[in-house]
Amino acid sequence: MLIQWAQAPAANSVLAVIAGETDTFSPAAKKLGEDALKASLKLYNFTGTAGKNQLVPAPEGVAHPAVVVAGGGNLTTLEGLRLESLAGSLYHAVKTSGFDHLSLDLTGFTAAQAATARYALTLASYRFDKYFGPAKQDKAPALKTVTIVTDNPSAAEAAFAPLKAVADGVILARNLVSEPPNVLYPQAYADLIRGYENLGLKVEILGEEELKSLGFNALIGVGQGSERETKLVVMQWNGADDPHAQPVALVGKGVTFDTGGISIKSAEGMEDMKWDMGGSATVVGTLVALAGRKAKVNAVGVVGLVENMPDGNAQRPGDVVKALSGTTIEVINTDAEGRLVLADALWYTQERFKPQFMIDLATLTGAMIIALGMDYAGVFSNNDELSEKLIEAAKGENENLWRMPLPTQYEKQIDSKIADIRNIGGRPAGSITAALFLQRFVNNVPWVHLDIAPTAWTNEQRIPTVPEGGTGFGVRTLNALIRDHYEA
Ligand code: BES
Ligand code: MN
Ligand code: ZN
């Protein structure tokens with residue numbers, strides 16, 4: 001969808017104006033005639049509640065086919081998530097109304113408010129439609145253009161620049177998650193990441209031979225049954241004034257398809273496992289956001305890209321692998337592969353970059369969905385300060401996080417009879433034992449593990465700015481964490 005700034009509403013477009021609680025009206029609403037508007041809104045029982053929209057006939061003499069009144073709640077504090085929800089729900093209310101052009105009149109509001117509205121419209125109008133043929137493309141929403149009316153378009157554009165970078169990162173992450181697994185396999189994924197060097201990102205791709213010689217045996221084992229070559233991609237954004245400033249590090253699980261391997265999953269719903277690279281997508285999206293807005297931070301993103309397939313050469317249940325850290329792992333279940341990928345990626349990241357903190361993201365366990373449902377991702381951490389900052393950042397970004405415990409007494413569930421640890425801990429506390437497994441590959445660095453199995457994908461739109469499909473969950477929160485606490 002095309003979104004543009006202007007100083008006046010476009011001719012023939014549907015005009016959107018804002019009304020708040022207790023009969024308050026935006027300047028553009030007042031211009032339509034406050035009394036007439038009040039009277040017609042009363043007929044619809046519209047009270048200016050945030051996120052509600054009401055289509056009303058255009059008042060006499062108004063050169064628009066229709067007017068939409070968007071509810072804004074308390075108009076003196078219309079910002080942040082409430083403004084996002086207004087703009088996002090306005091989009092959904094109008095998209096299939098048959099009109100192809102909407103003008104959202106924000107006359108009298110600030111450039112920052114105009115920018116937030118554009119950000120929300122960008123995220124809300126996202127669609128993954130590249131594989132639709134012409135017949136299905138025709139069923140796309142009629143709404144094709146939104147004009148945002150603002151007093152100072154160039155100030156709005158300047159305020160929007162950093163938000164645009166974040167939206168680009170979120171949308172990239174959504175696209176990656178939604179791509180089918182025959183298209184997005186490790187090599188293709190790595191090549192795609194390489195394409196972001198033009199933003200100033202440094203990209204290194206390690207192939208199987210190199211990974212083998214370095215000792216990434218836990219990662220390599222996961223891809224052993226796949227025809228596709230396993231890759232580890234390292235991205236660096238060096239935006240801090242001091243080029244030697246300690247970086248922040250993000251690590252992602254990038255299983256481009258998870259059949260379960262020899263411990264094969266059942267057929268029902270297996271196609272969902274194309275989004276088992278959601279953690280890596282968030283890492284890539286965040287690095288792209290940071291580079292796009294030239295964040296004053298040094299940041300590292302490391303993603304393990306691998307396909308988990310059954311095959312004559314696949315890893316067996318019972319195999320013992322020696323991870324990069326030297327820890328030996330008894331692979332009891334080849335479907336508990338994400339932790340094997342992260343074991344090596346975490347260790348490598350911590351040893352090579354000595355980061356200020358390390359946050360990993362992974363669609364790691366189905367048990368996380370059982371524990372939290374689809375609206376929360378789980379936070380596991382060895383550091384209260386970092387996890388609290390992260391949870392706080394998430395609140396401002398409409399991404400729900402919930403802290404989970406890491407009780408040492410559950411460690412015995414992942415003890416092995418013949419190796420240092422085993423890769424599953426049984427049914428009880430499945431997400432926690434997975435996190436405890438990861439913790440074995442983390443030394444003294446402040447660390448958070450985000451289990452985003454619940455939130456990486458959504459089959460229904462839950463909030464107006466996150467349409468169904470890949471969500472890009474985590475990009476906004478990680479960007480906000482870094483922006484608020486780690487930029488010079
Ligand atoms: N990728 C899955 C976890 C998952 C399941 C993510 C559903 C999103 C939706 C992971 O690799 C996996 O298979 N985990 C197993 C672990 C078990 C074998 C200990 C699981 O959750 O069943
Ligand atoms: Mn699995
Ligand atoms: Zn998996």
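Asp241 is exposed, with a relative accessible area of 57%. Here, exposed means over 50% relative accessible area, buried means under 20%, and partly exposed is in between (1.4 Å probe, protein chains only). Before going further, note that this is a predicted model, where local features need pLDDT of at least 70, side-chain atom pairs count only at pLDDT 80 or more, and totals for chains, interfaces and linings use all residues. Residues are numbered from 1 along each chain as its sequence is written, chains are lettered from A and ligands numbered from 1 in the order in which they are written, and side-chain values use heavy atoms, with hydrogens and water left out.

Back to Asp241: its partner in a salt bridge is Lys296. A salt bridge is a side-chain nitrogen of Lys or Arg within 4 Å of a carboxyl oxygen of Asp or Glu, and by that rule the count comes to 24. Here are three of them.

| Pair | Closest N and O atoms |
|---|---|
| Lys296 and Asp241 | 2.9 Å |
| Arg483 and Asp484 | 2.9 Å |

Lys296, partly exposed at 35%, sits in the loop between helix H10 and strand E11, while Asp241 is in the loop between strands E9 and E10, 55 residues apart. (Helices, H or I with at least four residues, and strands, E with at least two, are DSSP runs numbered from the N terminus.) Arg483 and Asp484 also belong to a network of salt bridges with Glu84, Glu397 and Arg476. Both are partly exposed: Arg483 has a relative accessible area of 40% and Asp484 one of 46%.

Glu157 lies in helix H6 and Arg118 in H4, so their bridge ties together parts that are 39 residues apart in sequence. Arg118 counts as buried at 15%, whereas Glu157 is partly exposed at 37%.

An oxygen atom of ligand 1 is 2.8 Å from an N or O atom in the side chain of Lys265.

How values were computed
Polar contact = N/O pair within 3.5 Å; in protein donor to acceptor, adjacent residues only side chain to side chain.
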